[in-house]
Amino acid sequence: MNTTLHSDPAPVAPQPSAEPVLEFRNVSIAFSGPHVLQDISFRVKPGETRILLGPAGVGKSVLLKLANGLIRPDEGSILLFGQDISRLREEDLFPLRTNTGMVFQEGALFDSLTVRDNVAYQLIQEEVPDDEIDARVMEALRFVGLESTFEFFPSSLSGGMRRRVAIARALIHRPDLLLYDSPTGGLDPVTSTTIIELIVKQRDVYRTPSLLVTHRLQDAFVMLNHRYDDAEQRMVSLPDGETNPNTTFLMLNEGRIIFDGSIHELVRSQDPFVREFLA
Amino acid sequence: MRYPVHESGRTSQFCVSWFGKLRAMDTIERTAKQLVLTVQEYSLFSFRAFTNLYRPPVYWADFLIQSDIIGVGSIAIVILAGFFTGGVLALQSAATLAQFGAAAVTGRFVSMSMIRELGPVLTGIMVSGRNASSMASELGSMVVTEQIDAMRALGVDPLRKLVTPRIFASISMLFFLTIVADAFGILGGAAVTVFMNHQNATQYFSMAYEYLRAPDILQGLVKPLFFGYIIASVGCFSGMKTTGGTEGVGRSTIQAVVNSSVLIIVVDFLVSQVMIALFSR
């Protein structure tokens, strides 16, 4: 991981013909009751950041777990890196999952392990030498600004710090797809901005395709209107009227995707729920 | 459920009784299906966890850590339980045997009871109370805080990483803990026989040893293998199936201890039957 990589100030939108990293095709799922998700179809292309908006309890986290094969759909298919994971055996899913990074809602850090061992979890399983592990963990922690927590246990970290460690853990293996489950949920505005800045930094420095779930519209707009300036080492606003072309939106309501498109299409949408959500 | 109403406007007594029976049948059917489903899930879960040892990766470091937690951690309670059980056996049996002029065979009675039956079962139940509960609560907490999902998302199989080492550590440690319990049980019996009943120690130990045969020892050492498997597989299964937050963790812990203890007693009966049939002893 190299944080000195320079971000392009004018990112190029993904090619429409590019093979999607993740694709949902008519996916439905129910848990002993009515459908939680119904007939969900969308794509995440290389270099693209998709923000999934929707009110709480609408099935956003379920959708994210489906994307990683943690839950199986009742109907439809999910293609991860071109492979249909909806019918794949659990053993065959593990190698695929090592190429995705997932940030859980509350961080989901292993509370019996130190920050170092949490971040290095995948590397330890792969029996990477200790020296290399330490170097890569420090690099990942430097990326999220938490080098000093190397030997700490998760219980001694604040909620925001735990999320940042979770981001470092998701990034250390240089994944080909990142999944963020409400990364700012329950955090104060200042900490939320820090987390969003990290996500923008990841988007603009590494350009890893990602799917971010949130119910916070302000987070989505910050991601859209900002870029990470590697020279200044901080997130800066884009010029007026300019938005990040790689960042697009999905909106979920009552188990269905009711919107899929760019910010310009979103603000012009006539759907009553979209209008109410944006109001 | 709405009951049919007669033209007169009154609910028929017959209909109430009939629909009540239907509802009861429905509940019985649902419970039976749930039970069958749980047994099926448990069988598949424990079979997969067991066979994982024969396919890489095998987490030997976790096996050693769990062996330390289960084996070394339980040794004090096993020694105490074994010693005092042997003691109370000698105390109770000596009084009865003395009525038939057979107080001299106290050693035989204690060693047979401890080695064939009480050593394995007591150790199993003690370790179940300590470790099945800790496995269920630890894994249950990991489930409700999404740590198990995080592990799967990181490409690590929780069954291999968490369950398989616990099962094999539990089987191997229970084997040795049972031997410790047997030894301390016989010592406890000796202490009571010598210091309280004022009998001869040499006589006690020679009686304890003389009538012991290989099938008795085999029976006592086969049982802990089954009990160790039950303790870890039931504890881990209850933990991994936890739902309903912290309250659910508490429920899983209770379930793990109750189910593993009952299963130990049932399997003890079955293994005893098989061993007696095999060795006619």
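Trainee: Leaving aside its neighbours within four places in sequence, with which residues is A:Leu52 in contact?
Mentor: This is a predicted model, in which local features need pLDDT of at least 70 and side-chain atom pairs count only at pLDDT 80 or more, while totals for chains, interfaces and linings use all residues. Residues are numbered from 1 along each chain as its sequence is written, chains being lettered from A and ligands numbered from 1 in the order in which they are written. Two residues are in contact if their C-beta atoms, placed from the backbone, lie within 7 Å. Once neighbours within four places are set aside, the partners of A:Leu52 are A:Lys60, A:Leu63, A:Leu211, A:Leu212, A:Val213, A:Leu250 and A:Leu252.

Trainee: How many residues does the largest nonpolar core have?
Mentor: Such a core is a set of buried Ala, Val, Leu, Ile, Met, Phe, Trp, Tyr and Cys residues joined through C-beta atoms within 7 Å. Buried means 20 or more other C-beta atoms within 10 Å of the residue's own, exposed 12 or fewer, and partly exposed in between, with C-beta atoms placed from the backbone. A:Leu52, A:Val119 and A:Ala168 have the most contacts inside the largest core, whose residues number 73.

Trainee: Which helix of chain A gives the most to this core?
Mentor: Helices (H or I, at least four residues) and strands (E, at least two) are DSSP runs, numbered from the N terminus. Chain A has 10 helices and 12 strands. The greatest contribution to the core, seven residues, comes from residues 159–171, helix α6.

Trainee: Is helix α1 of chain A largely enclosed or open?
Mentor: The buried residues in α1(A) are A:Lys60, A:Val62, A:Leu63, A:Leu64, A:Lys65, A:Leu66 and A:Ala67. Since that is seven of the eight residues in the helix (60–67), the rest of the structure leaves α1(A) largely enclosed.

Trainee: What is the phi of A:Ala108?
Mentor: A:Ala108 occupies the loop between β6 (100–103) and α3 (115–119) of chain A. It counts as buried because it has 25 C-beta neighbours inside 10 Å. Although A:Ala108 is not a glycine, its phi is positive, at about 50°.

Trainee: Which phi value does B:Glu146 have?
Mentor: In chain B, B:Glu146 is found in the loop between α3 (106–144) and α4 (147–153). Its 22 C-beta neighbours inside 10 Å make B:Glu146 count as buried. The phi of this residue, which is other than glycine, is positive and near 65°.

Trainee: At what angle do the axes of α5(B) and α7(B) cross?
Mentor: Axes are lines fitted to C-alpha atoms, for helices over the stretch in contact, with angles from 0 to 180 degrees between N-to-C directions. For α5 (residues 158–196) and α7 (residues 214–240) of chain B, the axes come within 8 Å and the crossing angle is roughly 145°.

Trainee: What is the omega of the cis peptide bond that joins B:Pro56 and B:Pro57?
Mentor: B:Pro57 is placed in the loop between α1 (13–51) and α2 of chain B. The bond from B:Pro56 to B:Pro57 is cis, with omega about -5°.

Trainee: How far apart are the C-alpha atoms of B:Asp62 and B:Trp18?
Mentor: B:Asp62 belongs to helix α2 (residues 60–99) of chain B. Beyond residues up to four places away in sequence, B:Asp62 touches B:Lys161 and B:Pro165. B:Trp18 is 44 residues from B:Asp62 along the chain, and their C-alpha atoms are separated by 57 Å.
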